[in-house]
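Hi there,

Here is the structure I promised to pass on.

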Amino acid sequence: MLTFSSPAQMGHAPLLELVNGAAEDHAETPARLANMLTMAGTVEAPGDHGLAPILAVHDHDYVAFLKDAHAAWLAAGRTGDAIGYAFPVRARRPLALDRIDGKLGQYGFDTVTPIAAGTWEAVHGAAQAAIAAAEAVVSGRSDKAFALCRPPGHHAGRDYFGGYCYLNNAAIAARLAVARGAGPVAVLDVDYHHGNGTQDIFYADGDVFFASIHADPRTDFPYFWGHADERGAGEGEGANLNLPLPRGTDWRSYESVLATAMEAIARFGARTLIVSYGADTFAEDPISQFSLSTQDMQRMGTMIGAAGLPTIAVMEGGYNVAALGRNVAAFIAGLEGG
Ligand code: OKP
Ligand code: ZN
């Protein structure tokens, strides 16, 4: 598998996340990438494709905020990572707020997604990896490519961060594919958590079908998106498919729901497939509650590869660090036709 990753991705090392009334060690660590790299074989650096493909998805002011947020935090006299504390439950709108504290709440939706010193360079590097993978596939260089992104991206929207995500790598790849005439595009999200950012970005877009299999948001993060009645709007009406599953789901039930998602993608007439792959559906994931094995990751890859579509896979979550490279390798082996 043609695989991309940027060394800059190691520079994002959030210290802690505020969850359940406590500060915990952050689950999304540089060690995740290090473990994936031990299993990945040859990995290409993505090169720099610039900001244009990022700005085709993300709001300019939001990107400027991300670049500057940690410096503004330090300038306000703070130490450590920037984390917001006040969030706009009432109608979010583009306000010109003056202080970093307000901006963190304006652009962020949770307290588990810190902005640290190396965050911008890392998220830029991860986005470049996704862009390089997308370029490789749409140019015909390769039928499939995998971007070892971290931090992940699928919770990030056009102008917001959250859920450990800052730039939406899958959405950037999808938009690039559409722009290059490789549409219609389907994004299949198999991370344990619903990909709310990707859903929001393409909600009213009829060129991109979004299908997600995830833990039911009635019990799991991100709670406010991922419900089965979210079906798209306007031109995108019917082009959004949420398939929530209960905690404890094993391969037996997962397989039939994945078959449903693959049928819907075929019916949509997708010519390019983007996969948001998260290994946090693994039974021994420390923050998630599905029951898939490493062998199931390969079965998942096989079913997705059987669609026979040009495929760009981007890494999302997966927090059992010791098993991460093995799970990714199993998924890739399946995707390649194993
Ligand atoms: C990001 B991705 C556990 C609570 C934190 C946030 C989960 C973010 C998942 N420490 N919940 O979709 O894998
Ligand atoms: Zn996840």
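The shell around ligand 1 has seven nonpolar, five polar and five charged residues, where Ala, Val, Leu, Ile, Met, Phe, Trp, Tyr, Cys and Pro count as nonpolar, Asp, Glu, Lys and Arg as charged, and the others, Gly among them, as polar. Of the 17 residues around ligand 1, Gly 163, His 193, Phe 221, Ile 287 and Gly 317 come nearest; a residue is near a molecule if its C-beta atom, placed from the backbone, lies within 6 Å of it.

A word on conventions: this is a predicted model, in which local features need pLDDT of at least 70 and side-chain atom pairs count only at pLDDT 80 or more, while totals for chains, interfaces and linings use all residues. Residues are numbered from 1 along each chain as its sequence is written, and chains are lettered from A and ligands numbered from 1 in the order in which they are written.

The axis of helix H9 (residues 294-305) comes within 6 Å of that of H10, crossing at roughly 30°. Axes are lines fitted to C-alpha atoms over the stretch in contact, with angles from 0 to 180 degrees between N-to-C directions. H9 and H10 are therefore roughly parallel (angles under 35 degrees; over 145 is roughly antiparallel, 65 to 115 roughly perpendicular and the rest oblique). By class, their contact has nine nonpolar, eight polar and two charged residues.

Helix H1 (residues 30-39) packs on H10 at an angle of about 45°, with the axes 8 Å apart. That makes H1 oblique to H10. The contact of H1 with H10 divides into eight nonpolar, three polar and two charged residues.

One residue of H10 that I looked at is Val 328. Val 328 counts as buried because it has 26 C-beta neighbours inside 10 Å (buried means 20 or more other C-beta atoms within 10 Å, exposed 12 or fewer, partly exposed in between, with C-beta atoms placed from the backbone). Leaving out residues up to four places away in sequence, Val 328 touches Met 36, Met 39 and Ala 279, contact being C-beta atoms, placed from the backbone, within 7 Å.

And is Arg 99 buried or exposed? Arg 99 has 9 C-beta neighbours inside 10 Å, so it counts as exposed. Arg 99 sits in the loop between helix H3 (60-75) and helix H4 (100-107).

Best wishes

Key. Helices (H or I, at least four residues) and strands (E, at least two) are DSSP runs, numbered from the N terminus. Two residues are in contact if their C-beta atoms, placed from the backbone, lie within 7 Å.
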